[in-house]
Amino acid sequence: MDDLQFRRAIYADPNNQDADTVAAQKEDPSKKQFAQEISKLDERIKQALHVPVPDDLCNKLILRQTLASHQVHKRKNRVHLALAASVAIVGGLMLNFLQFSSAYSNLGDYALAHVYHEQGSITNNASSQVTLTSLNKKMAAFDGNFSESLGKLLFADYCRFDGMKSLHLVYQGKTSPVTVFVVPKNEQLSFSNAFNDKQYFGSSIEFNHSNIIVVADKNESLGQWQQNISETVSWSI
Amino acid sequence: MMTKQVRYEALVKALHGDLYRYAYWLTHEKQVAEDLVQETFLRAWRALDSLKDEKAAKSWLITILRRENARRFERKRFEMSEYEEATITDTKSVTTEQELENHWLREKISQLPPEYSEPLVLQVLGGFSGEDIASMLDLNKNTVMTRLFRARNQLKEALEAEPVKRGTYNG
């Protein structure tokens, strides 16, 4: 190893423990001296580089991290709260939807369901009778009026027709009561002109603001009922 | 969670001094160096899970710190293109002979071009081998060794060039 190579190696790394440099130092005392010199220089450089570290730096670093992770924690909590709130809102909406949306999509289906629900509570030969005057009082809520009675009116009262206030009339029919609904028009239920099932059939008449639905068993003449209604009912608007 | 905290605190305690000194020699300003170390450890905390080998922690942190330092220059062009000699001096009162010499040598080191001083700091303070430094600075090993050689050479020459002033202290 020549002198220049040796010097370069020592300069580049004074603690060089390569076999070549160690051997060169053994052979040549001047090289050894040089190496020691540079080693001393390096020691001084090391001391010079050892600038004092601020005493509180360590604590500051830990503090800052603690604060930062606390922030993250808080943010996470906020996210959890938001999630819980979202779930609550969705739950509320679902409940609302289930409670207030109709299970029936058209007038006919609902009317039939309603009739089945009340089946048996009014018999065809019931003695009670509602007068035309009291019927028309009730009809006033729908701005309507019957000029004469359609038959023997057994029952007349407001009821909920899929959440809407409507008038539920039960007339005496040939074999079983005939049900007439006066229902305000509504977007929710699609208008169904005629409908039927095994026992009943029915039809709807569309007026400006209301629909009148007749449901009767199959012995009745729906057409006749429809005609009678159309002739006797009048609307004030 | 707790183990991460413990790991982090151990990391800070063991390495914040080395990292601060490295940052100081990179920036030549105490306050900037401190900020840089804080940024570095904050990033290290976030990425602590990616540190698998504890032995590599030091070079990992130094890599983060160098990246942070580069970012600092991206953010704003540094006003001081050339630092004043006076600003880099250690303001600690110079009392002992040793301190005086350190003070003088520090000035000389900070006058070295950064591409020379950086590997020197990494080698002397960090205790990294030529290969380690080469991979950290993205250079090849021969370049690193040449720069180390030049750095020491320049310091030695500077020391020898001041015999009159220093003679009284060296005896």
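Colleague: Which helix does N69(B) lie in?
Modeller: N69(B) lies in helix α3 of chain B, residues 57-75. Keep in mind that this is a predicted model.

Colleague: Okay, and is N69(B) buried or exposed?
Modeller: N69(B) counts as buried, because its relative accessible area is 10% and the cut-off for buried is under 20%.

Colleague: What does N69(B) touch, leaving out residues up to four places away in sequence?
Modeller: With those left out, N69(B) touches L26(B), T27(B) and L36(B).

Colleague: Switching to the interface. How many residues does each chain bring to the contact?
Modeller: Chain B brings 40 residues and chain A brings 31 residues.

Colleague: And how much area do chain B and chain A bury between them?
Modeller: About 3,600 Å², with 65% of it on carbon and sulfur atoms.

Colleague: How many salt bridges does the rule find across the interface of chain B and chain A?
Modeller: The rule finds four. Among them is R64(A) with E39(B), where the closest N and O atoms are 3.3 Å apart.

Colleague: Which elements give two or more residues to the side of chain B that touches chain A?
Modeller: Those are α1 (2-27), α2 (30-46), α5 (97-111), α6 (114-124) and α8 (141-160) of chain B. The largest share comes from α1(B), with 11 residues.

Colleague: What's that side of chain B like by class?
Modeller: It has 20 nonpolar, nine polar and 11 charged residues.

Colleague: New topic, the strands in chain A. Why is strand β4 of chain A largely enclosed by the rest of the structure?
Modeller: Strand β4 of chain A covers residues 178-184, and six of its seven residues are buried, so it is largely enclosed by the rest of the structure.

Colleague: How does β3(A) pair with β4(A)?
Modeller: Strand β3 of chain A, residues 164-171, runs antiparallel to β4(A), and five bridges join them. β3(A) and β4(A) form a hairpin, with six residues between them.

How values were computed: Residues numbered from 1 in each chain as written. Chains lettered and ligands numbered in written order. Predicted model: local features only at pLDDT ≥ 70, side-chain atom pairs only at ≥ 80, totals over all residues. Heavy atoms only, no water. Buried < 20%, exposed > 50% of the residue type's maximum accessible area, 1.4 Å probe, protein only. Helix = DSSP H or I, 4+ residues; strand = E, 2+ residues; numbered from the N terminus. Pairing = 2+ DSSP bridges. Contact = heavy atoms within 4.5 Å. Buried area = accessible area lost by both parts, 1.4 Å probe. Salt bridge = Lys/Arg side-chain N within 4 Å of Asp/Glu carboxyl O. Nonpolar A, V, L, I, M, F, W, Y, C, P; charged D, E, K, R; others polar.
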